[in-house]
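Me: I would like to go through the packing in this structure, element by element. Please end each reply on the name or value I ask for.

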Amino acid sequence: MDLPGVDPSVPSAARIYDYLLGGKDHFASDREAAEAVLQSVPNARQSARANRAFLSRAVRALVDAGVRQFLDIGAGLPTQENVHQVAQRAAPSSRVVYVDNDPVVLVHARALLADNPGTMVAPADIRNPVALLHHPTVQGHLDFTQPVGVLLLAILHFISDDKEAAHIVAELRRPLVSGSHVAISHGHPGQLTGDLAQKGRELYGRTRQGGVVGRTRSDMSAWLEGLELLDPGIVPLQGWRPEDDFDPVPDLAEPGVFGMVARVP
């Protein structure tokens, strides 16, 4: 793969995630970084798969609530059960905009979606949420006078500054009308020791996205103040409206990922 702006020697969070999911779109640097992550956080592969399953359940819940527009920020590399596939299977008129700033992600997404007029791809950065929302593709494909589902899945933990993360969520919430929803998944540190937590931050710090930071339920709850948190609240991904008993809820002492969905009243 020879793409402008892509350095194969620099790992990417999207490609590490793809490796953990069993995908094939990654370089040696990504595989090496992913294996190092697994040394510090042995359940990282299970968390990645749980995050993908949460995406499907959350999108179906939003469709059931009447949402027909989705803004997936930090979409990552296409795999099975992408947002547009889940949404359009349940409601064929659903429109989706995928947002990412990774050149490899953008190339794969555009190729996958070339024949799907209901789905578009926008190159933008979550660190500039106002510019992201005003990107011509976002504004041209989504109608913000109608409910929109904003998906922030496994992306905010790459924003290391707490105030910046809160600002991003606040700006992304600002244009949402009643009936819109926000779905978030975010890593938590469990009872990782300081040394192990620092090692994890350093491993992801080598990626083009920068380091990763775990946060508490309280941190995440503050982002959703004023919204209607859907049952069962802020819980481990495996416990958010599970559809079977094959993926047990993990011990909160272990590092993991919380999931949550909230409605704009």
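Me: Which residues of helix α5 are buried?
Reply: The model is predicted, and helix α5 covers residues 103-112. Buried here means under 20% relative accessible area.

Me: What do the buried residues of α5 pack against?
Reply: The buried residues of α5 pack against α1 (13-20), β2 (95-100) and β3 (119-123).

Me: At what angle do α3 and α4 pack?
Reply: Helix α3 spans residues 44-64 and helix α4 residues 83-90, with their axes 9 Å apart. The crossing of α3 past α4 is right-handed. The angle is about 35 degrees.

Me: Which residues of α4 make the contact with α3?
Reply: By class, this contact has 7 nonpolar, 1 polar and 1 charged residues. From α3 come Leu-55, Ser-56, Val-59, Arg-60 and Val-63. From α4 come Val-83, Val-86, Ala-87 and Ala-90.

Me: Which element gives the most residues to the largest nonpolar core?
Reply: This core has 37 residues, and Leu-71, Ile-73, Val-99, Leu-152 and Leu-156 have the most contacts inside it. Elements giving two or more residues include β1 (69-73), β4 (149-153) and β5 (181-188). The most, 4 residues, come from α8.

Me: How many residues are in the second, separate core?
Reply: Val-59 and Ala-87, which take part in the contact of α3 with α4, are among its members. Ala-50 and Leu-153 also belong to this core. The number of residues is 30.

Technical notes. Residues are numbered from 1 along each chain as its sequence is written. This is a predicted model: local features need pLDDT of at least 70, side-chain atom pairs count only at pLDDT 80 or more; totals for chains, interfaces and linings use all residues. Side-chain values use heavy atoms; hydrogens and water are left out. Axes are lines fitted to C-alpha atoms, for helices over the stretch in contact, and angles run from 0 to 180 degrees between N-to-C directions. A crossing is left-handed if the near helix is turned anticlockwise from the far one by less than a right angle, and right-handed if clockwise. Contact means heavy atoms within 4.5 Å. Ala, Val, Leu, Ile, Met, Phe, Trp, Tyr, Cys and Pro count as nonpolar, Asp, Glu, Lys and Arg as charged, and the others, Gly among them, as polar. Buried means under 20% relative accessible area, exposed over 50%, partly exposed in between (1.4 Å probe, protein chains only). A nonpolar core is a set of buried Ala, Val, Leu, Ile, Met, Phe, Trp, Tyr and Cys residues joined through side-chain atoms within 4.5 Å.
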